Amino acid sequence: MLPTTMSVAGLCEICERPDVDHTCDRCGRLVCDRHWDKDIGMCVECGGEVGQPGDRKSPENMPDGVDTYRF
C-alpha cells in the first residue's frame with residue numbers, strides 16, 4: 001500500500017537549505033519552514049508581493065483623488 005502523505009525532496013529555492021517541507025501555492029517553489037507563511041499558504045516572497053488580507057486599505061481611508069476599481 002502507498003503512503004498517504006507526500007514527501008517533498010530537494011533544496012529550499014530561496015536559501016538552498018536541505019530542509020524542504022512546503023510547496024508554495026502561488027509559484028510552486030519548494031521552501032523550508034523558515035521561508036513558508038502558513039497563514040496564507042505561500043512562500044515569503046509571494047506573500048510579500050501579494051500582501052496580507054489586512055494590508056488593504058478601506059476606500060473610506062484613502063486620500064481624495066484615488067480611484068477604486070471593483071470587479
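The model is predicted. Strands E1 and E2 pair in the antiparallel sense, and the largest nonpolar core comprises nine residues. Gly 47, in helix H1, is treated separately below.

**Hairpin**
- Strand E1 spans residues 20-23 and strand E2 spans residues 30-32, with three bridges between them.
- Within this pairing, Val 20 is positioned opposite Cys 32 of E2.
- Six residues separate E1 from E2 in the hairpin, and Gly 28 in the turn adopts a positive phi of about 85°.

**Nonpolar core**
- The largest nonpolar core consists of Cys 12, Val 20, Cys 24, Val 31, Cys 32, Trp 36, Met 42, Cys 43 and Cys 46.
- Two or more residues of this core come from each of E2 and strand E4 (42-43).
- In soluble globular proteins, nonpolar side chains tend to be buried together.
- Cys 24, one of the core residues, contacts Arg 29, Trp 36, Gly 41, Met 42, Cys 43 and Cys 46, when neighbours within four places in sequence are set aside.

- Helix H1 runs over residues 44-50 and includes Gly 47.
- Gly 47 counts as buried because its relative accessible area is 9%, where the cut-off is under 20%.
- Beyond residues up to four places away in sequence, Gly 47 touches Ile 40 and Met 42; Met 42 also belongs to the largest nonpolar core.
- The C-alpha atoms of Gly 47 and Asp 37 lie 7.3 Å apart, with the two residues 10 apart in sequence.

How values were computed
Residues numbered from 1 in each chain as written. Predicted model: local features only at pLDDT ≥ 70, side-chain atom pairs only at ≥ 80, totals over all residues. Heavy atoms only, no water. Pairing = 2+ DSSP bridges. Helix = DSSP H or I, 4+ residues; strand = E, 2+ residues; numbered from the N terminus. Buried < 20%, exposed > 50% of the residue type's maximum accessible area, 1.4 Å probe, protein only. Contact = heavy atoms within 4.5 Å. Core = buried A, V, L, I, M, F, W, Y, C linked by side-chain atoms within 4.5 Å.
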